[in-house]
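Good morning, and thank you for making the time.

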Amino acid sequence: MKSSYFLFILFCLFSFTHSAKAQKHAFDESYRPQFHFTPEQNWMNDPNGLIFFEGEYHLFYQHNPNAKEWGFMHWGHAVSKDLVHWEHLPLAIYPDNDSKDKEYATAFSGSAIVDKNNLLGKQKGDAATLLAFYTSKDNGQRIAYSLDKGRTWEKYEGNPVIAFDEKDDARDPKVFWHEESQRYIMVLWRMPEGKKSAEGISIYSSENLTDWTYESHLAGFYECPDLVELPVDRRTDDTRWVIFDGDGSYLIGDFDGKRFKPETPKMQGDFGKNYYATQTFNNLPADDGRTIQLAWMRGGEYPDMPFNGQMTFPTELALKNYLEGIRLVRTPAKEIELLHEKGDTWEDKNLIPGLNKNLTRKVKGDCLHIQGTFDLKSVNSFGFVVRSSRKETGVEIRYDATKQVLSCLGQGVLLSPEDNKIQLEILIDRTSIELFGNGGKAVLSSCYTADPDAQELVLYNTGGELLVEKLDIYPLKSMYEVD
Ligand code: FRU
């Protein structure tokens with residue numbers, strides 16, 4: 001009797017600890033990113049309406065609430081107090097059409113602003129109105145407004161603010177305040193007269209947010225435009241405007257409130273496989289001073305998951321002077337540090353060729369933040385193999401010093417060493433790798449899938465001498481973990 005009672009207690013203890021482990025936190029499925037935003041379920045594409053308002057970052061997104069495939073677009077919604085931990089909220093913007101099976105007038109991409117001067121006249125009390133500019137499919141550019149910090153939305157009765165033109169397929173309005181001309185500006189993707197060769201970004205201006213004047217058009221772009229002013233080398237008295245295409249490629253130039261005048265050719269912004277539909281946050285606090293960009297990781301795969309789609313980790317944009325001219329650099333938002341677990345550091349270590357010399361053998365995990373400075377000395381190639389195990393070869397991140405190419409998951413980019421050194425910052429999550437070379441001069445954002453049990457990390461050198469000047473590796477907590 002006694003022994004069966006003892007066995008019963010043991011059994012209870014085992015099932016309790018076991019289920020406690022399995023149920024550590026919600027959203028812990030094998031292919032659920034742990035620090036990249038995903039919808040609770042179903043399809044997600046472009047980030048929409050990115051804005052900071054009353055202490056919250058808002059992330060709206062293209063969402064099909066009914067299926068894991070694209071279609072029947074709504075704006076999904078989440079908020080965060082720190083850009084890292086996101087709370088899912090109910091659907092924000094619905095199609096302008098009651099029929100559940102028609103694509104007509106579904107809610108396509110757009111942006112959000114704070115109606116600080118109550119130009120729409122909807123404000124009640126002290127709290128300013130949030131406005132969303134969105135494309136109603138085949139139904140013009142429209143406004144929705146919210147009086148309760150984005151929780152519920154009404155459609156503006158004067159819609160559309162830019163009428164539908166069946167030839168130009170206009171979409172994805174990004175609206176912002178332009179201080180110099182004292183006007184609101186909208187950049188809108190269009191195909192004027194239906195001409196493929198003319199497809200690009202049209203610029204509109206407005207004093208009242210509802211009447212929009214066409215100003216100019218720049219051909220050679222596809223979907224989700226954005227236009228931002230950035231300081232060069234952090235000097236706020238020396239700025240340039242940067243115009244973005246949907247895939248994150250960009251031109252640097254000048255903007256006078258009417259026209260963008262390019263000073264560079266178009267340059268690629270990300271060299272990975274899955275960077276698309278970029279948008280920068282509006283209305284970040286003035287004392288923050290950053291410009292933060294988010295993108296959809298188009299083309300990622302999430303086997304057997306309830307959701308389909310993930311965002312990149314938010315990145316900070318900056319302009320930097322190089323010998324070849326001014327270039328955009330992009331680095332992970334510093335808030336990633338909020339997820340740091342206790343890390344490991346290596347300093348001034350010579351890395352000898354051969355896998356057995358793996359410096360990082362004690363590091364395990366599928367969520368890591370790696371920061372390293374490598375003095376190339378005479379090395380041929382070096383890099384990391386992530387998500388490997390006895391059974392799995394893992395994914396390779398490589399810098400080929402002879403060809404000066406940084407590569408990962410089949411994509412590569414030229415990157416010259418600075419002072420014979422290469423600096424790497426890497427974010428590894430369950431289904432994505434974001435690789436930032438030399439302070440974000442070269443960025444590769446890509447999705448992958450790996451055996452969930454493959455958790456090892458190898459730092460390798462293929463030949464020659466390599467000095468690991470400094471290497472910090474932090475395992476990352478899940479954003480779903482509650483303390
Ligand atoms: C970009 C895009 C946008 C459009 C939206 C529809 O991925 O095609 O141009 O507004 O997706 O979901």
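Let me begin with aspartate 233, which is partly exposed at a relative accessible area of 37%. Here buried means under 20% relative accessible area, exposed over 50%, and partly exposed in between, with a 1.4 Å probe and protein chains only. Before I go further: this is a predicted model, in which local features need pLDDT of at least 70 and side-chain atom pairs count only at pLDDT 80 or more, while totals for chains, interfaces and linings use all residues. Residues are numbered from 1 along each chain as its sequence is written, and side-chain values use heavy atoms, with hydrogens and water left out.

Aspartate 233 sits in the loop between strand 13 and strand 14. Strands are DSSP runs of E of at least two residues, helices are runs of H or I of at least four, and both are numbered from the N terminus. The phi of aspartate 233 is positive, about 50°, although the residue is not a glycine. Most residues other than glycine have a negative phi, and most peptide bonds are trans.

Glutamine 404, in the loop between strand 25 (395-400) and strand 26 (405-408), has a positive phi near 55° and is partly exposed, with a relative accessible area of 30%. Leucine 209 takes a positive phi near 75° in the hairpin of strand 11 and strand 12, where 6 residues lie between the strands. Those strands, residues 200-206 and 213-219, run antiparallel and are joined by 6 bridges; two strands count as paired if DSSP finds at least two bridges between them. Within that pairing, serine 205 has threonine 213 as its bridge partner. As for peptide bonds, the one from asparagine 159 to proline 160 is cis, with omega near -5°, and proline 160 lies in the loop between strand 8 (154-155) and strand 9.

I turn now to empty space. Rolling a probe the size of a water molecule over the atoms shows where empty space is left. The search uses a 1 Å grid over the protein atoms alone: a cavity is a set of points where a 1.4 Å probe fits but cannot get out, a pocket is an open set with protein on both sides within 12 Å along at least five of seven lines, and lining residues have an atom within 4 Å of a point. Points are joined across faces, edges and corners, and a volume is the space filled by probe spheres set on them.

How much space lies in the largest pocket? The figure is about 1,400 Å³. It is lined by 44 residues, and those closest to its centre are Glu229, Leu230, Gly289, Arg290 and Thr291. Among the elements that give two or more residues to this lining are strand 13 (226-232) and strand 14 (235-244), the strands on either side of the loop that holds aspartate 233. Domain 1 (42-334) and domain 2 (340-475) each contribute at least three residues to the lining; these bounds come from an automatic or database domain assignment. By class, the lining has 19 nonpolar, 13 polar and 12 charged residues. Ala, Val, Leu, Ile, Met, Phe, Trp, Tyr, Cys and Pro count as nonpolar, Asp, Glu, Lys and Arg as charged, and the others, Gly among them, as polar.

Across the whole structure there are 2 cavities of 30 Å³ or more. The largest cavity holds about 80 Å³, and of its 13 lining residues, Asp172, Cys224, Pro225, Thr278 and Gln279 lie nearest its centre. That lining comprises 5 nonpolar, 5 polar and 3 charged residues. The second largest cavity holds about 60 Å³; its 13 lining residues include Phe35, Phe37, Trp86, Thr312 and Pro314, the closest to its centre. In this case, the lining has 11 nonpolar, 2 polar and no charged residues.

The structure holds 0 disulfides, a disulfide being a pair of cysteine sulfur atoms within 2.5 Å. For cysteine 224, the nearest cysteine sulfur is that of cysteine 447, 17 Å away. Cysteine 224 counts as buried, at 7% relative accessibility.

Finally, strand 23 (residues 368-375) has 6 of its 8 residues buried. Strand 23 runs antiparallel to strand 28 (residues 421-429), with 8 bridges, and antiparallel to strand 32 (residues 466-475), also with 8 bridges. Threonine 373 pairs with glutamine 423 in strand 28, while aspartate 375 stands opposite leucine 467 in strand 32.
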